[in-house]
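Please examine the sequence together with the three-dimensional model. The report below then treats selected parts of it in turn.

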Amino acid sequence: MSKLMSKEKIDDCNRSWLELLNDVEASTSSESEKLHKLTQMVLPKFIARLVAEKEERMMIEKEGLKSCHEAGVEGKQDYLTGKQKKQKTRGNKKKQQKINNQRKGQDSEKLMEMGVEPPPDMPQVFQDCIRDLGGSEIKLVIQKFLQVSDLRSQQNRLSMSLKQIRNPFLNEDEDRMLNAKRQMAVTLVEPCLSVSTVNLAKWTIGSSMSYIINGDYSKVLKNNRDSLKPNAVVQIWSFRIQPNSQLGFALIKVIDGEDGHVIN
């Protein structure tokens, strides 16, 4: 028992432990009986404490696993939600592309019915105007129906979808400039044969890319309000003005949007 007492002094145990030792000392003088009584009194409490601590650790681990599982479920749900959004966006793009392709096919059929597919040549009067400007390398860029968005002065732009471009017309420097979201000044021969300066840019419209004529385009609309109407068929031709090979365009109405008269 002297060893137990010395241990108590070293560990500085609480008062109840000291009281327990005193009770055992007073109850018997036999060392073996003292040890047996202490064991019966202390061991069950010690085992119960170990069991309680183990159960507490298991509960903490269980709660931790539950939290991880819930976090995993939330992460999975976030992943599925993101995946569904991507699939929906991809589906919308495909749907829009299908609509655009159908519209393009319908436009081609209409143009064929109107007798302007394949496209007619540039009228001589425009060729003469371009020649007077020092222009050459004439190319047909696009033939299209004018949309309402092409005619609103507030929007101030004429679009040319890249999917409908018939001939490449940019050099490498110009293409690099437009891809860098910059715009460039170009000459425009208007339907009324007036010559003006507008800007050329490259925008994303809907799900596709388009070349855009803007800048002073609203003035072009004002100058040609009697001829540029919704559903009119127009051509846009490109040319190069020497000596610096400056890019120019000619906007030509082929079929009037109202009476269907073909311009010769």
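The sections that follow describe a helix, a set of paired strands and the nonpolar cores.

## Basis of the model

This is a predicted model, in which local features need pLDDT of at least 70 and side-chain atom pairs count only at pLDDT 80 or more, while totals for chains, interfaces and linings use all residues. Residues are numbered from 1 along each chain as its sequence is written, and side-chain values use heavy atoms, with hydrogens and water left out.

## Helix α3 and its surface

Helix α3 covers residues 31–114 and contains Lys-37; helices here are DSSP runs of H or I with at least four residues, and strands are runs of E with at least two, numbered from the N terminus. Lys-37 is partly exposed, at a relative accessible area of 30%. On this scale, buried means under 20% relative accessible area, exposed means over 50%, and partly exposed lies in between (1.4 Å probe, protein chains only). From C-alpha to C-alpha, Lys-37 is 10.0 Å from Leu-21, and 16 residues separate the two in sequence.

Leu-50 also belongs to helix α3 and is partly exposed, with a relative accessible area of 42%.

## Strand β5 and its partners

Strand β5 spans residues 208–214, and six of its seven residues are buried. Two strands count as paired if DSSP finds at least two bridges between them. Strand β2 (residues 158–161) pairs with β5 in the antiparallel sense over four bridges, and Ser-159 stands opposite Ile-212 of β5.

Strand β4 (residues 195–205) also runs antiparallel to β5, joined by seven bridges. Ile-205 has Ser-208 in β5 as its bridge partner. The hairpin of β4 and β5 has two residues between the strands, and Gly-206 takes a positive phi near 65° there.

## The nonpolar cores

A nonpolar core is a set of buried Ala, Val, Leu, Ile, Met, Phe, Trp, Tyr and Cys residues joined through side-chain atoms within 4.5 Å. The largest has 26 residues, of which Met-160, Phe-169, Leu-200, Ile-213, Leu-247 and Phe-249 touch the most other members. Elements giving two or more residues to this core include β2, β4, β5 and β7 (246–255). Apart from this core lies another, of eleven residues, among them Met-122, Phe-126, Val-189 and Ile-252.

Which residues does Leu-247 contact, leaving aside its neighbours within four places in sequence? Among them are Phe-169, Leu-170, Met-184, Val-186, Leu-200 and Phe-239, where contact means heavy atoms within 4.5 Å.
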